[in-house]
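User: I would like to learn how to read interfaces in a protein model. Can you take me through them one feature at a time?

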Amino acid sequence: MVILQNIINGLLIGGLYASVALGFSLVWGVMNVINLAHGAFIMIGAYVTFWIYYFFKCDPFVTIPFSMAFTFILGYLIQKYLINLVVKAQVFMVFILTFGIEIFLMNISNLICTADFRSVNPRYAGAGISLGGILIPYIRLAICFIALFLTYLLNLFLNKTKTGNAIKAASLDKEAAQLVGVHIGKIYTMTFALSAAFAGGAGSLIAMIVAISPYMGGTYTFKAALIACLGGLGSIPGVVAGGLVVGMAETMGSHFISPGYKEFIGFVLLVFILILRPEGIMGKKFFAEVKH
Amino acid sequence: MKKLLPVLVAVASVTFFAGTVLAQDVVRLGCSISLTGKLTYEGKATRDGYEFYKALINKKGGLNIGGRKYKVDIKYYDDETNVQTSTKLIEKLITEDKIDFILGPYGSGPSFATSAITEKYKKVTVLPMAASPEVFERGFKYMFGMIATTDVYLKDIFYLAAQQNPKPKTVAVLWKNDLANKGLADPVPRFCKDNGFDLIYNEKFSAGASDFSAELTVIKSKNPDIFAFLSQLEQFIMAVKQIKDMKINGKIIMNGIAVPQPDLVKSLGKDAEYMVGPTHWYRTFKYKDSLFGDSPNFVREFKQMFNYEPEYHSVGATAGIQALGIALEKAGVLDVEKVRNALATMNVNTFWGPIQFDEKGKIKGRTMPVGQILNGQFTLVYPPELAEAKLVWPKPAW
Amino acid sequence: MMIRNWKWIALGIAFVYLIAAPFFLSAYWVRLLTSVFMFAVMAESWNILAGFCGYPSFGNVVFFGLGAYTTCILMVKLHQSFLVGVIAGAILCAIYAIVLGLPILRLKGHYFAVATLGLSEATKELVTNLDKITNGSEGISLPIIPGDVKVIYAAFYFGMFGIMIVTILFTYWMSKRRLGYAFQAIRADEEAALVTGINTTWYKTIAWSASAFFTGLAGGVYAYWTAFINPEGVFNVAITVQMLIMTFLGGPGTVIGPIIGAFIFEALSEVVWSTFVNIHAAFLGVLIVLVVIFMPGGFMKLMEGKLSLSSLYAHIKENRI
């Protein structure tokens, strides 16, 4: 009974984790960029949801398109005017650049919003479905579904639209893509903007279950890295797999071993899976190799 | 680096001239505090506490040291919630800024590191928010704490619970694995034994965790009468939401640090109702002194200056800097040894209560009154002589 | 020719200055420089595996933490001397790298990076949980060393300086021998290296354990220097990030680059802190962004070319999309 509840818990949180890792995996797989500012976009999305909820008292789920639009624009500008300037340089220079951006975003948020903890508390918080003793809170269920829906949307975009296909092409082989007429600069801008948008969306979802503060983003960047690697960089279905695996591993680990060993279990799992399948669960070979 | 020497000379001469130009006597205090990073909220509250004292004392003309009036000035550095940075900055305050009196940061971890440096240089430091008993076990002579330590935080809550009718039987505790909360959780088995409770769940979670659904599910299945979730404010907010999701109906739900903080009610609204926690200070304390009056007056003036109601982080900080101020006046001279001795032998009453330190630097005689969130307000329920209301027992179901 | 001499002369002057520094700089600056040396050690050792072999480890701070903890545990719980503690810590780190290198060094590029990050976080958690040995989240306090503060600080200054010199010399020595060439072969094309008969597993493991050893030394000295360690402080990802920034600001893959980068970064941070108390963090972020945009090849690259506005602009042009 308890184990069943915990399996459900693991799946629910796994869906959320998938949305957290979405944009991160995309940017890493396509542009070879480790975006340390990913957590900052999540944080910004969370704040957008909070402020709209605070001023207009509307349902927090309604705010998701707005937070995604806001972070989309932010990501677009950052990529176009900052990151694109150094993309051709060493991988780590871009990494450091995103680090600088992250510090800036976090601390500007601190100055604007202050570090007081905020929380989104709609009327139906705490209510849920009760199926024979198993509790499924409405909010968690909705979050899981929307997270998976966002993932589905992104996958659709990548596979069915021209821009999406261009993004996939750029990730496989930059030069070849250019040869067939893909404008790399524009594609990178679009990719990063999308990544930021989905991070913002994840942030909106997270806002409903955690306490929002300017420095909340860092943990999620780390998780995103873990899940993206586990699932296979650049693969959207892989992100879902990775998210669910990590969610389940944490919950089951806490249940069977100890709550204090969550990171440990996540890591052991990661190494284990990567040894068996070095490209991640659903990653493809030759994707995202570090070229010197 | 090669240009360092001339720069230092330039800076030295500028400060020398500046010093002679300013006719006002100033006593300079230093502080390394979290103005950014994870503990920004608590760091800012602590700083506001220091600033409140500074404003009031300077309005009166300053401290009266050896017959002259000295204005109080505080130099702050942001340690970014990073202990490494904090030690570097304390060093800077002492050796570069030549400050002899240090005001402590928020939190036991930074207090640990900070006091190691100040002890090395033999500079007086007041640690208002150092709650960990280990901080005081190092034989240091130059540091003074202002609050009770974590090993007694929860004692009276367990005692209070044991008085209820029908007496509760089972206890579950889930605690964050960091210095402060480990200190809170360690004595719990002893409290359970002392009060005849059965400790049926005792687990710690990683400091960075935000999802407790797995642990809460297990706890719910054990249906404890008493549930203690030990963490700082941020994670307690998340935990309460998840406790509500899971419908854990403990007869009493407690936290050791966050309950008196106004942001708890602000973030959770009705969901914070009936949470129980200890506090170092309460707005109805009737202790008085000549600077702040009594606690209700303190609250009024603080609110006027900062636009929010203070909670014990700020108030404790004020109490600390006030103790230092009193010691400075008592010593009559800006000499570290004399001020240190003034603190060590201090026996005064301030709005914070009686101030007397033992040979380890711990403040004597502080207890932790217990409060419960009732009608959106943190309300004292124990001890009886301070209580404003009775403990609502059992906590109504979600 | 002239340019090369100029660089050596500057280096010589800097060296002499650094040796003399503790005698005339205040304790704060001595502490600052000691910290710079510490980061330089970590950057240099990171470079052995990442710059030479092409395996970018994001989790090298795990060795820093292990070195620190081993030193503290041996000193406090087993009453060993500091020297014993530090050396034991470094050796433990090297062994840790060898044992964990077997599974982890099989991974490539990004996956390796994230796996090492996971290693660092997992070790942190392990250390926090094994509180019977490590005091867990309470941390370990070392006794304060009695004596004149200036003398003690100078001792740590020279200690860290010495470790830095040893690390540099080791890297230089290694780069000129078969070891270094094997590393670079692995970086250039690991499969080709295998084909030419290089035992890549063996060499990668050596690289990582050397990297671990020196980082562990730095961690051990750090522990005694600060007199208090806790898991969050010594297994901190921020240390890795800072170390990476220093390496890349200075010029990766070179021997001197990381050290120059360490100085630049510390100097920048110091200036920003003292000047802007309230907005320093945001300002530092902006500064880092600007530095990366204008110096995408690192400081050493900048030094190689001419220092002019047009070359600056050319740098940007060649790196942007």
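**Reading the interfaces**

Analyst: Start with chain A and chain B: 37 residues of chain A are in contact with 38 residues of chain B. Contact means heavy atoms within 4.5 Å. This is a predicted model, so local features need pLDDT of at least 70 and side-chain atom pairs count only at pLDDT 80 or more, while totals for chains, interfaces and linings use all residues. Residues are numbered from 1 along each chain as its sequence is written, chains are lettered from A and ligands numbered from 1 in the order in which they are written, and side-chain values use heavy atoms, with hydrogens and water left out.

User: How much area do chain A and chain B bury between them?

Analyst: The general idea: the size of an interface is often given as the accessible area lost when the parts come together. Buried area here is the accessible area (1.4 Å probe) that two parts lose on being put together, summed over both. Chain A and chain B bury about 3000 Å². Carbon and sulfur atoms carry 53% of it. On the side of chain A, A:Phe117, A:Tyr215 and A:Pro259 supply 21% of the area buried against chain B, more than any other three residues.

User: How many salt bridges cross the interface of chain A and chain B?

Analyst: First the rule: a salt bridge is a side-chain nitrogen of Lys or Arg within 4 Å of a carboxyl oxygen of Asp or Glu. Two are found across this interface. One salt bridge joins B:Asp211 to A:Arg140, with the closest N and O atoms 2.8 Å apart.

User: How many residue pairs are in polar contact between chain A and chain B?

Analyst: A polar contact is a pair of N or O atoms within 3.5 Å; within protein, one must be able to donate a hydrogen and the other to accept it, and residues adjacent in sequence count only if both atoms are side-chain atoms. There are 20 such residue pairs, with both residues at pLDDT 80 or more.

User: Which elements of chain A give two or more residues to the side that touches chain B?

Analyst: Helices (H or I, at least four residues) and strands (E, at least two) are DSSP runs, numbered from the N terminus. The elements are α1 (2-31), α4 (91-113), β2 (134-137), α9 (217-231) and α10 (236-256) of chain A. Of these, α1(A) gives the most, with six residues. By class, this side of chain A has 19 nonpolar, 15 polar and three charged residues. Ala, Val, Leu, Ile, Met, Phe, Trp, Tyr, Cys and Pro count as nonpolar, Asp, Glu, Lys and Arg as charged, and the others, Gly among them, as polar.

User: Now chain C and chain A. How many residues does each give to the contact?

Analyst: Chain C gives 46 residues and chain A gives 50. They bury about 4300 Å² between them, 80% of it on carbon and sulfur atoms. On the side of chain C, α4 (82-104), α5 (109-129), α12 (237-250), α14 (280-294) and α16 (309-319) each supply at least two residues. The most come from α5(C), with 13 residues. The classes on this side are 31 nonpolar, nine polar and six charged.

User: Which helices does the salt bridge of A:Glu250 and A:Lys223 link?

Analyst: The N to O distance for A:Glu250 and A:Lys223 is 3.1 Å. A:Glu250 is in helix α10 of chain A and A:Lys223 in helix α9 of chain A, 27 residues apart.
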